[in-house]
Each structure stands twice: as C-alpha cells, then as structure tokens.
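Dear colleague,

Please find the structure below, handed over for your own work.

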Amino acid sequence: MLLRYIFFRALMLIPVSISISVVIFLIVHLLPGDPIDNLIRVGSSTEDRKTLVLKYGLDQPLAVQYFRWIGAIFQGDFGEAIVLRRPVADLIAQNLPYSLRLGGAAFAFSSIAGITLGTISATTRSAIVEIIMRGFILLGSTVPGFWLALLMILFFAVQLQWFPVSGAKGWSSLVLPVLTIGFGGVALVARVTRVALLDVRREDFVTLLHAKGLPSRTILFRHLMPHAMLPVVTILALRIGWILGGAVTVEFVFGRPGLGSLLIRAIGQRDYPVVQGCLLMLALAVMLGTLIGDVAQAAMDPRIRETKK
Amino acid sequence: MRNTIKSRLLAGTTLIAAGFLSNAVVAQEVTIAFPADELGATSYNPVTSNNLNSAASLIYDRLIEQDADQSYHPHLATSWEESTDGMSWTFHLKDGVTFHDGSPFNAQSVADWIPDFADTENAYLVAAVASVEVIDNLTVKFVMSRPEPSLLYNLASTFMGVPGAAAFDSMGDDFGVSGAVGTGPFKLDSFAIGLETVLVRNDDYAWASDLSENQGAAHIGKITFREVPDQSTAFLELKTGGIDLLLGVPTPFLEILKAESNVAVIQMPGTGINYMPINVTSAPFDDIKVREATGLAINQEAIVASIYNGVGAPAHNFLISSLPEADVDPALNVSFDLDRAKMLLDEAGWMMGDGAVRSKDGVPLSVKLFTQNGEEFTSLTQVVQAQLADIGMEAVITVFDSSTIRDEYKNNRHQLAVRGYDWNNSDILDWFFSGKRLGYPNVSMWEDAEGQRLNDVAMEDSTNSDERIANFKAYHEYVLSQHLFVPIYQPTKNIAYNSDRLSVPDPVRGTRFRSQTVLDMAVVE
C-alpha cells in the first residue's frame, strides 16, 4: 500500500519538474541584461560581441534555446557556464558539499534542539521556563541572519577566539554558521512542536490515558509524540530544499562557498546556464523534501494513505 | 577564563617551538584576502579565462611589466625593438628561465603560446599579431598584420602571463584548475573555487623584473589567498590575525582601519575614474549648454574631501592622470564653476522661478539620475544630486543592479548616470564614445562624424606610441569639448596589512598588487 503511494507520488514529480523547468527558464531569460556584457572586456570589438552571442546561441528564439537546454539536461549535460567558464555540473559539484555540510548540520541541529525545546516548553509547568521559551522563540523567528552572524563573530571569534572568524576549513569553521542558521530553525521547530503537543494534550484519549493511571512520561513518548510529530515532519520536510540554497547571507558573511552564493553570483552576471542549473537543483531538492515529508506522514498516519491514494 | 589560560599555554608552546625551529620555517606563511572585484575566478588559465585574480600574477611571469607611472619595464623580455612602420616587433628573452615543471623558457615557448589565443575571448590581445617567428633560442619576432601601438600594454596584462606549453597542451581544460605551470615566483599548490588558492614558493626563481629589489626567490614561503566577500568579516579577520593583508579596501573603511594599532595602510594610485555620463539624445541634454552647466555644477574637490576623506584625487577629464593623453588643453578640463553653470542655464532658457527648480516653457528641470547598487556609488550619487540641486536641477535617483542598468542604457531610458571604469589605457575613449557601441558602453549615446574620424585615426592609423598619444589626445580633447560626461573622482587602490606580522614595500610598484610587490614582502614577527 505504502509502496504504491510512493510510486504514484514519485511519478507526479516528472510533469511538475518539466513545468518548473519552463518557469525557471523564462524567469532567467526575461530578466533585463545579458551575460555577454559580463564577458567582454575593454578592447574587444563589436564583432567579437556578435561572435559570442552566436557562440552561445543567444540569438535563437527562446523556445529553441529552451529545448536545447532541456534536451541536454535529459542527457545528463547541464551545459557550460558562459561567464564562469566551467561546466555547470562541475560548479554545482564543487559547491554542493559545502552547502550539504552547512545545511545538513543546521538541519540536524534545528530539528533536535527545536523538538527538545518545544517539548520542554509544552510539558513544563514552570512559568519562568515558559516565558524564557516564548522569548527565545520570538527572537529566533525575527532576528535577521546577517546581524546575528556578525554578533556571533564578534563574540565567539573576536572576543573569545573559540572559532575562526570565517572560512570553510575544518569543523570549527562550521560551528558559528550552523548556530546562526540553526537559531531561526530551532525557534520555528520548537514553536510548531509546542503548539502540536499542546493541541494533542487536549484530546479525550489523553485524559483517558491519564485516568488509566499511565505515567506522564509514557503518555508523552508513546502517545503524544507520534501525534504531535505530524506537523513537525511537514515543516522539516519543507526545510530540506532550503538546506541547499537558503544560506546565502550566512555564506556571504562567513566567506563560505555554496550553492546559494554561486546562484547569487550567477544571477548578478546573468550566467543563464548556471542560474538555470542551480534553480533546477533547488527545485528538485524542495520536491524531494516534500515527497519525503509526505511519505513519512503517510507512514505515520494510515488515514493519509487512504485518502490520497 | 579557561580560554585565557588555554591561549597562554598555546602561546607559550608556540614560543618554545619557535625557539627550536628556525624562524623562516614557522613564520613565512601569509594569508591574503582578494579584493571584491577579483572574487569568483574559476580558473588560472591566463589564455582562456575572463577573470584572473592577483594570485595569477604570481604563478605566471609576463614578457613586460608596467609601473604605476605607466612606464614599461623588461621582465622575461630583456629588450625589444619595433620596426619604424610598426609591422614587426623583436623581443630578446631572458636566459636561464625555467617553468615550474623544469622545462626551459625560450623563443619556442613564446611561439607556442601566442597561437593559443586564437578563438578565445582574449584573442583581441594579439589580434594584430599575424605570426611569431623564432629567430634564435632567445630571440622572437612578432610579424604584425597592422601596427598595434597597444602591444606592450597588452603584453603587460595578467592575461598575457606565459604558461608552460607542454602542461598547457596536455592538461586541456584542467589547466589552471587542477594544476598550473608558469615561470612565476610561486607555484599553484591547491585551488578550491570560491574559497581559497594556496601558492608555494618557487625556490629556483632568479628572474625578477627591476620593479623588485629582491631578485631571487620570494621571502614568503607560502601564500593562502582567500575569498572573503564581506568587508566587515575581512576587517575582523585582519584584526584577529586570520588574514595578514587585505586587497581592495573601500576608501570609506580606511579611517576605521587606521585606528587599529596593528594595521598599516598603503594607497596605490588607482587605474580608473568615477564619472557621470550624459545622454546627449535625451532632452534637455540635447542642448550642449545644459550639458556644460551640469558639468560645472559638480564640485570634485568637495566630493573628495567629504566622501573620501581626502583620499584619491579629483578627476577633471576622462583619463587617469598618469596617462600622457590626460594632459589636455587646461581650458577643456571640467572644473566646478557655479556662477557660469547658472548663467549657461539662463542662456539656454531654463529660468529660476519662485521654487528651487528651474523651468522652461512650463516644464520643470527634472532629470533621471541612475546608478548601480553598492555603497561605492550610492553615497556619491546622493552628493551629486545635492550639487545639481544648487543649479536648480532636480535629479531623481534610481538604483539598479549592474546587469539591469546596462539594459536601461541599451534601451535609451537614461539621462544621467553615476558609474566608474577601471582601465589604464587611453583606448577606453573608444570603448565609451565610439558610435559603434551606442547605449552600452557608449552611455552618452554620442554619434558624431568628427568624433568617429578622430576615433578611427587614434585606433587604426597610429603606427607608434608617440603618434598614438598625439592622436588619442586630439580625440580626448574633442570628446571633452562636446560635454558628454562629468568627470568626478580618481579612486586609489587601498591595501591594509597587519604591520606586526608583515613588511610591505611602500609605494607599491606597478599598476596593481602583483609579483613585484610580493617578492619584496616579508614576515617580520
């Protein structure tokens, strides 16, 4: 049953990906400006410019350019960057590990810390803990990333000198970026966990469990958590795609390479193949994340398998 | 507290270690941050790349070097002669030079290298070279298809660093990425795109140009070049010792850096101009009197003092002061003159009414003022706006990203724009004012028969450098007489370094921070 559900959901990704590729292509090509101006230098002639436009097929109708691009993608060829002068697949491969490391660590940190904090916040009856939690959740959801990044650097790298100011060498350079990105994630996950737990606690079956005399701990872990995790998993799944490209500001401040930084640079230079390649990757990651989330939910909740079949 | 003890222990250990090891071994490593305009290089292949950073100048040597005064100095070429008709150049090469892979540098290396440029985006550098003839082992002759007065300038470019032919051919697209072979004072050790480039000393190096005092191998053993896009982060790295030297420090940052006790700052003369092109096709700027008045309204000296704390120089024409073609008839230089600006606008029929904005036939003197995002231009544009208000011209600012603003130029939607260029050769006049490039780069949208004639003469009919200077000067003077732009500012290139760790020669020799400077740098701690 579950396998059938996964199969049909995965099949849906194909038409969705193709529609997304059209949207990506159009957005990129309808931006004002073009890559050739970022390629030519003083001294080259107007003829040189025309040669380059022809070389990259930019004189062709958009439809032709689109089918050339998507046709090559189906053969596993992401094309050659126009301004950055490397195969797009190489550029993505070089930046992906940095994004995965940072995004993955931040994802793990925000999931674990967020669920823990949310659970403590929902189950503790102490008013002080409650206030601190709510304050933290509010701060974490609102503090801008670049500002937090600079504060982190000033305190932990300049004052205490525990971690390097910037860079991407070794685990120590990962700590501050992960804390910076994770801070917002922790607050979000904690908030969702807290609300979900509080909602479930009001259900009749929980009252019954208490009446039966089960210990609170058993009720929390055996009965409350599985129910409360459904919205948390949804939120986490949506953040999987964001792991890859959501760290642009943090990458910038900490001087780290990554897919986000590559994408921003490529957009600035209108390096079409790179922008398209990166956006397609990110879109696929978001779709996969959603799929994983849906499957996880279906696995956890039989009702979803039944209704969505 | 525990941390303090820990760092003291660490410091103690380092001291003890330093006592045992020779100083040269532990201390000769330096970390440098690339300037913002050199970020994002994806290759160290000088022939095919369109973006080379400072590290490239350390891996490859050039035949010729250029100093800050724009003079040319021998490097791998010890001397050269140009035929009187400009149709051939003979270069005599330095003896005893070897590439990083051990192969010798000789006339054949040059003959193998020049044809590599064919069909690359850098082909224009040697477009006038028809063929390269090997005369003997250390003499090479360039046979030209037309005179090329810019040949020496091109040869001094980073893009004309000489690669080792064998490695260049065998490595293909990986040359400059996974490895690189040149004759320079440093070898490429590792290159992580977007992160850092590590170079190690070429111990055999003994062929520096006369721009360096040190003629042997570099004092520094290892250099890590890092990409740090955020200026605040770069500053904190410098302060905490994570980075020893910052290239391309923005001028407004200098005051903050100078306040640090361990930071020293060097200002090199820049190689560009910040200016305001005027779209001559857009009313009211189709009237030359309005254009001239606009130029006279800009107070360059006040801008240097207020925005740049007196660092850098005012610009009064289109070229950097060190170029001979910048030495034009003084009457043509553009300088602040508020009274004359107001008088010209009165003559043009733009009269001051009751308000602060002039008008003509009921139309207010309100114009569009474009610029691109980034601190560099936005504050300057605001001051320009205020100075234009003093002559009764209302300028409405719009900020674009650098690609979008070019689209605006090409679609002729602009009137005034604050922008800059970085180029130390007078052919920049052709780039920005040729009638063949209307919209962009010819933002002034200027098409003029006499202008194009003078352009063609300068670009194509100059057979030697003296003729070229005279021709470009004439073209420059004509461009100035048409009031197509307002010159504003000549920025400096700023370097900041940790003076507790490094000694850096001041003044820096050359047009940019390159191998000649790095050879003379040393770790002092």
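Helices (H or I, at least four residues) and strands (E, at least two) are DSSP runs, numbered from the N terminus. The model is predicted: local features need pLDDT of at least 70 and side-chain atom pairs count only at pLDDT 80 or more, while totals for chains, interfaces and linings use all residues. Residues are numbered from 1 along each chain as its sequence is written, chains are lettered from A and ligands numbered from 1 in the order in which they are written, and side-chain values use heavy atoms, with hydrogens and water left out.

Chain A

Chain A has 13 helices and zero strands. Its C-alpha trace spans about 85 × 55 × 30 Å along the principal axes. Of the 309 residues in chain A, 46% are buried, where buried means under 20% relative accessible area, exposed over 50%, and partly exposed in between (1.4 Å probe, protein chains only). The accessible surface of this chain comes to about 15200 Å², and 70% of that belongs to carbon and sulfur atoms; accessible areas come from the Shrake-Rupley method with a 1.4 Å probe, and for residues only the protein chains shown count as cover. Contact means heavy atoms within 4.5 Å. Among contacts in chain A between residues at least 6 apart in sequence, 75% join residues at least 24 apart.

A nonpolar surface patch of about 960 Å² is present on chain A, with A:Phe7, A:Leu11, A:Leu62 and A:Phe74 among its residues. Patches are made of residues with over 30% relative accessible area and no salt bridge; like charges are joined within 9 Å, and nonpolar side chains (Val, Leu, Ile, Met, Phe, Trp, Tyr) within 5 Å. The elements giving two or more residues to this patch are α1 (2-30) and α3 (62-74) of chain A. The largest share, eight residues, comes from α1(A), the helix in which A:Phe7 lies.

The interface

Between the chains, 46 residues of chain A are in contact with 43 residues of chain B. The two chains bury about 3700 Å² between them, 52% of it on carbon and sulfur atoms; buried area is the accessible area (1.4 Å probe) that two parts lose on being put together, summed over both. On the chain A side, A:Arg41, A:Val42 and A:Arg86 lose the most area to chain B, together 21% of what that side buries.

Six salt bridges are counted between chain A and chain B, a salt bridge being a side-chain nitrogen of Lys or Arg within 4 Å of a carboxyl oxygen of Asp or Glu. A:Lys55 and B:Glu121 meet in a salt bridge through their side chains (3.2 Å, N to O). B:Lys410 likewise forms a salt bridge with A:Asp34 (3.3 Å, N to O). That pair crosses between chains, from helix α13 (residues 402-410) of chain B to the loop between α1 and α2 (46-55) of chain A. B:Lys410 counts as partly exposed because its relative accessibility is 32%. A network of salt bridges links A:Asp34, A:Asp37, A:Arg49 and B:Lys410.

Chain B

Helix α9 (residues 288-297) of chain B is mostly covered, with eight of its ten residues buried. Its buried residues pack against β13 (272-277), α11 (338-347), α12 (375-389), β20 (416-422) and β21 (485-490) of chain B. B:Glu347 forms a salt bridge with B:Lys289, the closest N and O atoms being 3.2 Å apart. This pair links distant parts of the chain, with B:Glu347 in α11 and B:Lys289 in α9, 58 residues apart. B:Glu347 is partly exposed, at a relative accessible area of 45%, and B:Lys289 is partly exposed at 31% relative accessibility.

B:Glu196 is found in strand β9 (residues 196-201) of chain B and counts as buried because its relative accessibility is 9%. Not counting residues up to four places away in sequence, B:Glu196 touches A:Lys169, B:Ser190, B:Phe191, B:Thr224, B:Phe225 and B:Arg226.

Strands β4 (residues 77-82) and β5 (residues 88-93) of chain B run antiparallel and are joined by five bridges; two strands pair if DSSP finds at least two bridges between them. B:Ala77 stands opposite B:Leu93 in β5(B). Five residues lie between the strands of this hairpin, where B:Gly86 takes a positive phi near 75°.

With kind regards
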